[in-house]
Protein chains: 2
Amino acid sequence: DLGCCVLMNGFYFSAQLLYEEWANYSVFYKYQPIGLVRKYFGEKIGLYFAWLGLYTQMLILASLVGVIVFLYGCATVNDNIPSMEICHPKNNITMCPLCDRVCSYWKLSTSCGTARASYLFDNPATVFFSIFMALWAAMFMEHWKRKQMQLNYEWDLTGLEDKEVSDSKLTQHTIHNNNTKQTSGRHRLPAYVTNVVMMLLMIGVTFAVVFGVILYRISTQAALYMSSSPTSRSHIQLTVKTTAAIINLVIILILDEVYGAVARWLTVLEAPKNEQSFEEKLIFKTFILKFVNAFTPIFYTAFIRGRLVGRPGQYLYVFESYRAEECAHGACLMELCIQLSIIMLGKQLIQNNLFEIGIPKFKKLIRYLRSKQGSFIEEERKKKLHRYESDHFLEPFAGLVPEYMEMIIQFGFVTLFVASFPLAPLFALLNNIIEIRLDAKKFVTELRRPVATRAKDIGIWYSILRGVALVAVIINAFVISFTSDFIPRMVYQYMYSPDGSLHGFVNHTLSYFNVSHFEHGKETMDPLHLGYPVEVCRYKDYREPPWSPSPYEISKEFWAVLAVRLAFVIVFQNVVLLMNEVVDWLIPDIPKDISLQIHKENTLLVDLVMKEDRDKTRVPERGASSGTKKTYRNNNN
Amino acid sequence: DLGCCVLMNGFYFSAQLLYEEWANYSVFYKYQPIGLVRKYFGEKIGLYFAWLGLYTQMLILASLVGVIVFLYGCATVNDNIPSMEICHPKNNITMCPLCDRVCSYWKLSTSCGTARASYLFDNPATVFFSIFMALWAAMFMEHWKRKQMQLNYEWDLTGLEDKEVSDSKLTQHTIHNNNTKQTSGRHRLPAYVTNVVMMLLMIGVTFAVVFGVILYRISTQAALYMSSSPTSRSHIQLTVKTTAAIINLVIILILDEVYGAVARWLTVLEAPKNEQSFEEKLIFKTFILKFVNAFTPIFYTAFIRGRLVGRPGQYLYVFESYRAEECAHGACLMELCIQLSIIMLGKQLIQNNLFEIGIPKFKKLIRYLRSKQGSFIEEERKKKLHRYESDHFLEPFAGLVPEYMEMIIQFGFVTLFVASFPLAPLFALLNNIIEIRLDAKKFVTELRRPVATRAKDIGIWYSILRGVALVAVIINAFVISFTSDFIPRMVYQYMYSPDGSLHGFVNHTLSYFNVSHFEHGKETMDPLHLGYPVEVCRYKDYREPPWSPSPYEISKEFWAVLAVRLAFVIVFQNVVLLMNEVVDWLIPDIPKDISLQIHKENTLLVDLVMKEDRDKTRVPERGASSGTKKTYRNNNN
């Protein structure tokens, strides 16, 4: 009994130490006391915090480079020839109307601000940065392998087999499944089918919601154009975009919660064989759903928006009345950046801070109020309770899945579309510095102390990370070559420019349209808006001019630019994958000092075994018990 | 002494059994007795033969599908519209001369045979086959992982660490390096630099040799055109190609031997730290050199030949007098196939059969003749020698590197350019059925029995295999989209064809040339060769006609086809890589029965340890000795 008490006190001492040295915002600049965390919470949670720590540490480098890239954009914005050409007051390019009937012709120079702002995100440094971030992701994963190896060694898990870990668990899900073991075989099939159908349905819901938001944006914009006075039109864009982004964000947050529940329900339905399999299936499903949920609107902005708009005189219409969305002039990448930052920051602020801090506080408040309703005697009794008894009133531990999931989705924001948003790593870093201490605080003070679980690695999360990093390479290749104007600029400079500079690039990207070719009833109502009659207006596309033998057909330049874009994707993807392999090969998986140490221990062990052999005449072949190992390590140091 | 004798006899009994059941052509259809091989030769050689066996077994499937694909080509050759159009007697297309001055205009219908033959290798089934082969390679590697796991389990290597294997070796190279240990640090740099420079130099030699052969081909062809009578010209192509291919082959074979020696020399120079590192570095260097040597001429044929020829009136010349090589009309893929089959079959026949059978026989003969020169008494004494003494007169064992290398290069032939040569797996299969027994015979009868070495896996060879399989995906993507006419046909069918069929495809791929635009001195000397005056001739390229505003410039069709080609490469590569991941995920690395068995043993072991614990009060934590394991397995079965 006394021993138990000492043990208890030891644990509360650990908790106190953890609270002071770890679960505290004032120590944010310090390394985490991972050894202590592992001692108190077990290997699994220890690994999570070690992983989060390494990720945050690696983010420092990424955000530093990101900030430099962004500053480079700011510093060179005045030297950018295309935006200078757009902003030049003598620039007389007359553009075609942006909507049917109510909009009129406009001067390209009015989009000067957008052009300058879009250069901040669409400059040559962007290409460098996305290559850097791909290598960064590869380096992060290699370093994690090393760190994991090191922790395995320090925590004496090197001999631990995966099987041992999973077999030692027999919790509620497994018991539940033992009861429903009859549902195997023949009864499995319907569960699988339900799973697939439900997953597809949920993804369909996401697509429908995104489409709904797009429709809202298009129709509101059209309605506002129609009704408002011309003077207030400049505010329309901003209003519509802001409300649409907020709606988008709110829906993502709601669906995130729904999808978490659906994934759990589907996994229970599937009735996996053991706890490990249950967790893996749950993680996989949740990841797919949340990933699709978070990235569909961004994917739309990056690759679909502004591509399928048709051309003047033959626009594409949604529901026969609304013209498909266009990006602001040449600023698809900037729109992507805005969308990305709103979703990323909104998710982080609301989910992490509001949900993670607010809701536990709220629940605590409710429990407190309830306890007040109870009799005073009850309360008095509680005060006299042991710490471990009062701890029972805390929230139960719900597993590490939500914590990891949040970080993986963030990793997605940091790597997937990083070409368009070099500040993403910085925001992630700021979030994570808070996140570590927040999680620590939650684990130490607000949750019941979880049962310690052994684990050798972060399991399926590593595969998911690897998958995200691989997808990131191809997505960044497409963002650079298709969303940004990098390739058209390059093609113009090396194939069409008379003097090898970007002078004339803006003119080159604009096609001609003869205004008499507008469909009947679609022409503008205010043709003299600019003060002079317009015969030919311009629009951003590579098409033949009205006076060519095949007017408005896709031009040779379009195909040339497309070919170069695709070639860039191939080169980018393969070069980055090759560099990843090189990084993988350069950074050994086992740190050198540890591999030496292991070797030393093995040699000593062999000596020991041989000595015992001589002593006892019993012949154990290679008896590598971790107990002996430990003894020898201590002797060694 | 008696024990030793029994042991000896046991081994010779094994050798006898191996000779009968394994090193014998008459048992080619049987599985190899891998257990016996491992017992007699050790794990490392056992693994080699297990790997070779699995590879050969997997080749059966590949060659079956390859033969079916080839037969599909044969069966549908008469339904192929483009070759029908070329062969049609009414086809009146006049082609531009194939060489300057001495050649004249020619009718496209004369290349009817080539067109039909080229269809055999360039049909839609080819695309299917190269996807299949990429998956086949992934499946092969997954199955090998399983097989290796199974063998590890059966041979009780599961507990063996990599370090143990490499540390147990201390042979001549390591000793040599211990002597030269002073050369580390400062002295290492020159060795590295020499290495890199020499490797680049050797690769440069390969390129120079290939370029030399190309020059030979171009210049001989030109000379023969010049001198010979018009009637014998049809034989010229054949003569030149055959001699060039033979020269190519001979040079490859010679350089292969040279490169093997150079790689060994360079590795000794680099002075690696231990035997394993020595072997890995040697393998890596040898592989790079031999790979470049074997595939450079094929790479040239696939991707460079026929691309940089210029156009009529503005041909590209090598050394200002020879026109760059073209493929026969639309048959680049067929030329690739011919080149590939000559090098692959020639290498296999000469290197494997001549070198591997002939040279040992020859050496034996020399030894035999020498021993005859010795006195009869000597010979008499030899006859009375023990078997193990006479065995000393055999060739020493030179390591497995050449055996593996041969197979890896063959694996390259089977996967890298398989899109152009669906019969490659069949030839590889036939070769390997002989190869297994040949190697077996060599190991059992012609080499000194090597010192048995433990090994857990095939080491660096697996990484090289994986690398070759990855490179194969991208090379096949490029072969299909750039060397074959698959994409131009598709583009024509879906974008230009009036009726959605391939009718008119041949005409679409040929550009127009006004013969008055030939450079002065380059026009044909025999303009009336076809019996009528020619004003416009045709050539295979996508260029503007002479009557367009920009004559002979690259046309819009060219860019469109190029864009589709590049898009195909992206789609092909990513789809195949995704399917590889799926295969990797579907086939578990550890066979189910073995993972169950291991689990069972672990449980029993824990029980045993706990029992011993109670008995002895000594506390071993997790003592997993393979000795105990073995006992328990026996009890278990």
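A residue is called buried under 20% relative accessible area, exposed over 50% and partly exposed in between, with a 1.4 Å probe and protein chains only. The structure is a predicted model in which local features need pLDDT of at least 70 and side-chain atom pairs count only at pLDDT 80 or more, while totals for chains, interfaces and linings use all residues. Residues are numbered from 1 along each chain as its sequence is written, chains are lettered from A and ligands numbered from 1 in the order in which they are written, and side-chain values use heavy atoms, with hydrogens and water left out.

A disulfide is a covalent bond between the sulfur atoms of two cysteines, taken here as a pair of cysteine sulfur atoms within 2.5 Å. Over all chains, the search of the whole structure finds six of them. In chain A, Cys87(A) is joined to Cys112(A), with an S to S distance of 1.9 Å. The torsion about this S-S bond is about 95°, so the disulfide of Cys87(A) and Cys112(A) is right-handed. Cys87(A) belongs to helix H4 (residues 81-87) and Cys112(A) to helix H5 (residues 112-121) of chain A, so the bond ties together parts 25 residues apart in sequence. Helices (H or I, at least four residues) and strands (E, at least two) are DSSP runs, numbered from the N terminus. Cys112(A) is buried because its relative accessible area is 19%, whereas Cys87(A), at 24%, counts as partly exposed.

Chain B holds a disulfide between Cys87(B) and Cys112(B), whose sulfur atoms are 1.9 Å apart. This link is right-handed, with 95° about the S-S bond. Cys87(B) is partly exposed at 23% relative accessible area, and Cys112(B) is buried at 19%. Another disulfide, between Cys96(B) and Cys537(B), has an S to S distance of 1.9 Å and is right-handed, with 90° about the bond. The pair links distant parts of the chain, 441 residues apart: Cys96(B) is in the loop between E1 and E2 of chain B, and Cys537(B) is in strand E8 (residues 536-540). Both ends are covered, with Cys96(B) buried at 5% relative accessible area and Cys537(B) buried at 0%.

Cysteines without a partner also deserve a look. Cys337(A) is in no disulfide, and the nearest cysteine sulfur, that of Cys74(A), is 11 Å away. In chain B, the sulfur of Cys337(B) is 11 Å from the closest cysteine sulfur, in Cys74(B), which is too far for a bond. Cys337(A) is buried, with 4% relative accessible area, and Cys337(B) is buried, with 4%.

Next come the charged pairs. Side chains of opposite charge can pair when their charged atoms come close. Arg466(B) is partly exposed at 37% relative accessible area, as is Glu581(A) at 34%.

Within chain B, Arg323(B) and Asp100(B) form a salt bridge with their closest N and O atoms 3.0 Å apart. Strand E6 (residues 322-323) holds Arg323(B), while Asp100(B) is in the loop between strand E1 (94-95) and strand E2 (106-107), 223 residues apart. Both residues, Arg323(B) and Asp100(B), are buried. Asp256(B) and Lys347(B) form another salt bridge, with the closest N and O atoms 3.0 Å apart. Because Asp256(B) lies in helix H10 and Lys347(B) in helix H12 (residues 332-373) of chain B, the pair ties together parts that are 91 residues apart in sequence. Asp256(B) is buried at 2% relative accessible area, and Lys347(B) is buried at 7%.

Turning to nonpolar residues, a core is a set of buried Ala, Val, Leu, Ile, Met, Phe, Trp, Tyr and Cys residues joined through side-chain atoms within 4.5 Å. The largest such core has 225 residues, and those with the most contacts inside it are Trp136(A), Phe417(A), Trp136(B) and Phe417(B).

Notes: A salt bridge is a side-chain nitrogen of Lys or Arg within 4 Å of a carboxyl oxygen of Asp or Glu.
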